[in-house]
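Visitor: Hi, I have a structure open and would like a hand finding my way around. Could we go through a few residues together?

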Amino acid sequence: MKKTLIGKVVSIKMTKTVVVMVERKFRHPVYHKVIIRHKKYKAHNEKLSLQMGDVVKIEETKPISKDKHFKVIEIINK
């Protein structure tokens with residue numbers, strides 16, 4: 001089963017690659033405070049014209065390069 005994530009584009013400086021920041025929220029097991037963590041993923045972007053700040057859906061795929069294991073499926077918000 002392929003992992004799909006939703007995140008915001010934070011960098012478009014590379015050719016055919018975008019950096020997507022995915023945030024996740026969880027409750028601390030002891031203190032019950034909501035904690036926000038984020039992680040950046042490099043995603044393959046062949047044809048879509050993306051801008052910084054766009055919200056996109058990315059899907060896990062076979063390794064395209066050393067640290068690129070996701071591809072952009074669709075643009076959710078511009």
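Visitor: Let's start with K68. Where is K68 placed?
Guide: K68 lies in strand β5. Keep in mind as we go that this is a predicted model.

Visitor: What is the nearest side chain of opposite charge to K68, and how far away is it?
Guide: That side chain is E46, 7.5 Å away. K68 is buried yet has no salt bridge. A salt bridge would need a side-chain nitrogen of Lys or Arg within 4 Å of a carboxyl oxygen of Asp or Glu.

Visitor: OK, then what does K68 touch?
Guide: Not counting residues up to four places away in sequence, K68 touches K16, T17, K42, A43, H44, K62 and P63.

Visitor: What polar partners does the H44 side chain have?
Guide: The side chain of H44 makes a polar contact of 2.9 Å with the side chain of E46. A polar atom of the H44 side chain also lies 3.4 Å from the backbone oxygen of K16.

Visitor: New topic: how many residues make up the largest nonpolar core?
Guide: There are 12 residues in that core: L5, V9, V18, V20, V22, Y41, A43, L50, V56, I58, F70 and V72.

Visitor: Pick a core residue for me. What does L5 touch?
Guide: L5 touches V22, Y41, V56, K57, I58 and F70, again not counting residues up to four places away in sequence.

Visitor: And V9, is that one buried or exposed?
Guide: V9, in strand β1, is buried, with a relative accessible area of 2%.

Visitor: Which residues are in contact with V9?
Guide: Setting aside neighbours within four places in sequence, V9 is in contact with V18, V19, V20, L50, Q51, M52, G53, D54 and V56.

Visitor: How far apart are the C-alpha atoms of V9 and D54?
Guide: They are separated by 5.5 Å, while V9 and D54 are 45 residues apart along the chain.

Methods:
Residues numbered from 1 in each chain as written. Predicted model: local features only at pLDDT ≥ 70, side-chain atom pairs only at ≥ 80, totals over all residues. Heavy atoms only, no water. Core = buried A, V, L, I, M, F, W, Y, C linked by side-chain atoms within 4.5 Å. Buried < 20%, exposed > 50% of the residue type's maximum accessible area, 1.4 Å probe, protein only. Contact = heavy atoms within 4.5 Å. Helix = DSSP H or I, 4+ residues; strand = E, 2+ residues; numbered from the N terminus. Polar contact = N/O pair within 3.5 Å; in protein donor to acceptor, adjacent residues only side chain to side chain. Lys, Arg positive; Asp, Glu negative; His and termini not counted.
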